[in-house]
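Subject: Structure handover

Dear colleague,

I am passing on the structure below, followed by some notes on what was found in it. Please read them alongside the coordinates.

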Amino acid sequence: AMSPLMCREATPPWASTGRYEQHINGDIAVALRQFARATGDQKWTLSRAMPLMKGLAGFWSSRARRKTKKIEKDGKTGPSSFRGGDAWVIEGVTPPDEYAVNVNNSAYTNAVAALALEFACDLFERFNGSSSGSSSS
């Protein structure tokens, strides 16, 4: 995890948790959404949040994968549904509980990933998919 005091990665190289703590990307999306909603600053949202959310949405869409559950029915194996359809899963993460390493479908990680994707879609719909990509204030 990043240390704000040291301004660098602080996870020891031997610790397996650092590379799997992908929920932090979702935490960033939550913070961006809260700031945008609290301030109503559309210029900041377009110039700062939108480019970050584009990257975060790309990250989460690359990590999630569609999974079809297979069950046996009448001696035959075939696809079944998760509540009416395939499920999207995110596997191999370390949730905020750092003692749980390489977890599949962490409730927290999946929730912040979904929030990040929803916020990214909301932004692109609101701003008609245009982003200045500017890094200036």
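Trp-60 is buried, with a relative accessible area of 0%. Its ring forms an edge-to-face aromatic pair with Phe-59, the centres 5.0 Å apart and the planes at 70°. Phe-59 itself is partly exposed, at a relative accessible area of 25%. The count of aromatic pairs comes to two.

Please keep in mind that this is a predicted model. The average pLDDT of the protein chain is 81, and 74% of the residues score at least 70. Over residues 133-137 the pLDDT stays under 50; for this stretch the model has seven contacts beyond four places in sequence. Where pLDDT is low, the predicted coordinates should not be read in detail.

On the overall layout: the protein chain has three helices and six strands, and the pattern read along the sequence is β-β-α-α-β-β-β-β-α. Of its 137 residues, 29% are buried. Among contacts with a separation of 6 or more, 58% are between residues 24 or more positions apart.

At its start, a side-chain oxygen of Asp-41 comes to within 3.2 Å of the backbone nitrogen of Lys-43. Further along H2 there is a kink of about 40° at Ala-49, shortly before the proline Pro-51.

The buried residues of H2 are Thr-45, Ser-47, Ala-49, Met-50, Met-53, Leu-56, Ala-57 and Trp-60. Ala-49, the site of the kink, is therefore one of the buried residues, as is Trp-60, whose relative accessible area of 0% is under the 20% cut-off. What covers these residues includes helix H1 (23-39) and helix H3 (107-126).

Most residues other than glycine have a negative phi. Asn-102, although not a glycine, has a positive phi of about 60°. Asn-105 is found in the loop between E6 and H3 as well, and has a positive phi of about 60° without being a glycine. Asn-105 is partly exposed, with a relative accessible area of 34%.

Regards

How values were computed. Residues numbered from 1 in each chain as written. Predicted model: local features only at pLDDT ≥ 70, side-chain atom pairs only at ≥ 80, totals over all residues. Heavy atoms only, no water. pLDDT = per-residue confidence, 0-100. Contact = heavy atoms within 4.5 Å. Bend = angle between axes of the 7 residues up to and from the residue. Helix = DSSP H or I, 4+ residues; strand = E, 2+ residues; numbered from the N terminus. Buried < 20%, exposed > 50% of the residue type's maximum accessible area, 1.4 Å probe, protein only. Polar contact = N/O pair within 3.5 Å; in protein donor to acceptor, adjacent residues only side chain to side chain. Phe/Tyr/Trp six-rings, centres within 6.5 Å; stacked < 30°, edge-to-face > 60°.
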